[in-house]
Amino acid sequence: MEVLNILLLSFVPMLIYAAVLWWLDRFEKEPLYLLALAFLWGAVPSVLLSVIFEVIFDVPITMLSGSTLAYELLGGSVVAPLIEEGIKALALVILFLFFRREIDSPLDGLVYGGMAGFGFAAVENAFYLFGAYGEGGMADVTSLALLRAGLFGLNHAMYTGFTGLGIALALEMRSPWLKGLLPLVGFGLAMAAHAYHNTFATFTGYMESPAPLVLAAVGDWIAIVFLFGVIIASRFLEQRHIRRFMERYADSLQFREEEIAVLTSPWQRWRIQAQALLTGNLQHWRQVVHYFNTITEAAFAFHRVQGGDAKADSRLQQLEQEIVALRMAA
């Protein structure tokens, strides 16, 4: 029973956080299978590879460090952020290489990065909670779970979110040097945020004062609030992309002002989709959802074309044809 409780305390909060992050992506939901793959990459390959490489690097860390504190700082504040964030970032690189079309805005980068981070955190939490159970039973497990899944529950998603944000922003840029620089900046911020937390977490074990823990929490939540602000700003940018596209093609695709108002409002979209679902006609509901998503994808393709992405032009033409076909089938 204790094993089940520990697994629930490890995984359920991360799955809830992942569901909230998915919900925040209001205009164009990412494919669930890609989100699941990002989560699983963080949960399985990232954890396994991180353990392997951290064991390998343990030898030189032991040789370089002259004290227990130096050993823990080198491992926790230098090696762990580099290895763990590097391996989690591979999921985002794979997405960029093979599913480039799915990354349409800065929010998409945050979502995929967050999913990989939540997967990693779920398994890492299980390791720590099982360790706490061996030392002090379920009482220690509960108190540690409140810290790891509560106060610091968003940390790994925040770290990898910076990497995803850097990649997504690079796709928005015309300048070649910015396209190369922004992913590195995002990855650097991920490692810096991870190192910041681990440094103060290490000092917590050497001081009776709660000051290191407080400083860790304050720094973590400043970064989390910043990324939440990016999420809000991204939603406004996506809303503007949709409006510009629909106004530009209002005549050729017969977009009415009422329709533009619906497509640029997350709540109006949800209301229309909910009404379609409540009719009990699942085919009609799927058509409405598909129609809304196709217009949104066309808006992002139009934005990329305006930004000089020649490859997006054929995609935009294809989506225009799909919109016409969906209108005729309605």
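Guide: Helices here are DSSP runs of H or I with at least four residues, strands are runs of E with at least two, and both are numbered from the N terminus. The model is predicted: local features need pLDDT of at least 70, side-chain atom pairs count only at pLDDT 80 or more, and totals for chains, interfaces and linings use all residues. Residues are numbered from 1 along each chain as its sequence is written, and side-chain values use heavy atoms, with hydrogens and water left out.

A pocket is found on a 1 Å grid over the protein atoms alone, as an open set of points where a 1.4 Å probe fits, with protein on both sides within 12 Å along at least five of seven lines; a lining residue has an atom within 4 Å of a point. Points are joined across faces, edges and corners, and the volume is the space filled by probe spheres set on them.

The largest pocket holds about 1,400 Å³ of space. Its lining has 41 residues, and Glu 124, Tyr 128, Arg 148, Asn 198 and Ala 201 lie nearest the centre. Two or more lining residues come from each of α3 (45-64), α4 (68-98), α5 (106-151), α6 (155-172), α7 (176-204) and α8 (211-248). Of these, α5 gives the most, with twelve residues.

By class, the lining of the largest pocket has 20 nonpolar, 14 polar and seven charged residues; Ala, Val, Leu, Ile, Met, Phe, Trp, Tyr, Cys and Pro count as nonpolar, Asp, Glu, Lys and Arg as charged, and the others, Gly among them, as polar.

The second largest pocket has about 490 Å³ of space.
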